[in-house]
Amino acid sequence: MQSVFKREEQTEKFEGRGRRPLELSPVEHIKRYVQEHVAETISLSEAATKVYLNPNYFSQLFKQQTGQSFVRYVTEIKMDKAKELLIHTSLRVSEVAERVGYMDVAYFSNTFKKMVGEAPSEYRRKHAGHSGERCHFREKTSK
């Protein structure tokens, strides 16, 4: 019975009933979770479950509040971390890929190139030593 009450409290927390100003919205909660667990794979469905929402509703809510899809957001967070690692460490590209949750280095490299506009090794060569640089992504172009 105690777990039922705990779930109701958590549901109230995320649905806004009785929310205190310092508590996170479902979207903010998941954004923080993604940033803290960048090496893990988290699906939209898993994210929605963590905040007790239907995946379709969570997807709409996420897009409405952030202006981008959940998948795009997760990919950008992973690529931001990859850029950081490429610039500030001497890890091999395959090690960087693993640290941001990609076990297939070719897939990581292709995704990185699509998002950033250059291959990970090119990015490192051009940007190594530039600390404090903001990450910028190319807009996805239609083919």
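Glutamate 76 and arginine 72 both lie in helix 5, four residues apart, which is about one turn of the helix. The pair forms a salt bridge, with the closest N and O atoms 2.8 Å apart. A salt bridge is here a side-chain nitrogen of Lys or Arg within 4 Å of a carboxyl oxygen of Asp or Glu. Glutamate 76 counts as buried because its relative accessibility is 16%. Buried means under 20% relative accessible area, exposed over 50%, and partly exposed in between (1.4 Å probe, protein chains only).

The model is predicted: local features need pLDDT of at least 70, side-chain atom pairs count only at pLDDT 80 or more, and totals for chains, interfaces and linings use all residues. Residues are numbered from 1 along each chain as its sequence is written, and side-chain values use heavy atoms, with hydrogens and water left out.

The chain has eight helices and zero strands. Helices (H or I, at least four residues) and strands (E, at least two) are DSSP runs, numbered from the N terminus. From the N terminus, the order of elements is α-α-α-α-α-α-α-α. Of the 143 residues in the chain, 36% are buried. Contacts are heavy atoms within 4.5 Å. Among contacts with a separation of 6 or more, 53% join residues 24 or more positions apart.

The whole structure holds five salt bridges. One of them, described above, joins glutamate 76 to arginine 72. Another links the side chains of glutamate 28 and lysine 31, at 3.6 Å from N to O. These two residues are three apart in helix 2 (residues 26-36), so about one helical turn separates them. Glutamate 28 is partly exposed, because its relative accessibility is 37%. In a further salt bridge, the side chains of glutamate 118 and lysine 126 meet at 3.0 Å, N to O. Glutamate 118 has 10% relative accessibility and therefore counts as buried. Lysine 126, at 52%, counts as exposed.

Helix 7 spans residues 105-116. The expected span is 1.5 Å times one less than the number of residues. Phe108, Thr111, Phe112, Met115 and Val116 are buried in this helix. They cover an arc of only 110 degrees around the axis, so they lie on the same side of helix 7. The arc is that of the directions from the helix axis to the C-beta atoms. The face turned away from the buried side carries the exposed residues Tyr107 and Lys114. The buried residues of helix 7 pack against helix 5 (70-88), helix 6 (93-99) and helix 8 (120-127).

Both ends of helix 7 show local features. At its start, a side-chain oxygen of aspartate 104 comes to within 3.0 Å of the backbone nitrogen of alanine 106. Glycine 117 follows the helix, and its phi is positive, near 100 degrees.

In helix 8, the buried residues are Pro120, Tyr123, Arg124 and His127. Their arc around the axis is only 100 degrees, which puts them on the same side of helix 8. Arg125 and Lys126 are exposed on the face turned away from that side. The buried residues of helix 8 pack against helix 5, helix 6 and helix 7.

Arginine 124 is buried yet has no salt bridge. The nearest side chain of opposite charge, glutamate 95, is 7.3 Å away. For this count, Lys and Arg are positive and Asp and Glu negative, while His and the chain ends are not counted. Leaving aside neighbours within four places in sequence, arginine 124 is in contact with Leu85, Leu86, Thr89, Ser90, Leu91 and Val96.

Two loop residues complete the description. Valine 38 is placed in the loop between helix 2 and helix 3 (44-50). Its relative accessibility is 13%, so valine 38 counts as buried. Valine 38 and valine 100 are 62 residues apart along the chain, but their C-alpha atoms are separated by 5.5 Å. Beyond neighbours within four places in sequence, valine 38 is in contact with Ile77, Lys78, Lys81, Arg99, Val100 and Gly101.

Tyrosine 52 lies in the loop between helix 3 and helix 4 (55-66). Its phi is near 60 degrees, a positive value in a residue other than glycine. Most residues other than glycine have a negative phi. Tyrosine 52 is partly exposed, with a relative accessible area of 25%.

Notes:
A polar contact is a pair of N or O atoms within 3.5 Å; within protein, one must be able to donate a hydrogen and the other to accept it, and residues adjacent in sequence count only if both atoms are side-chain atoms.
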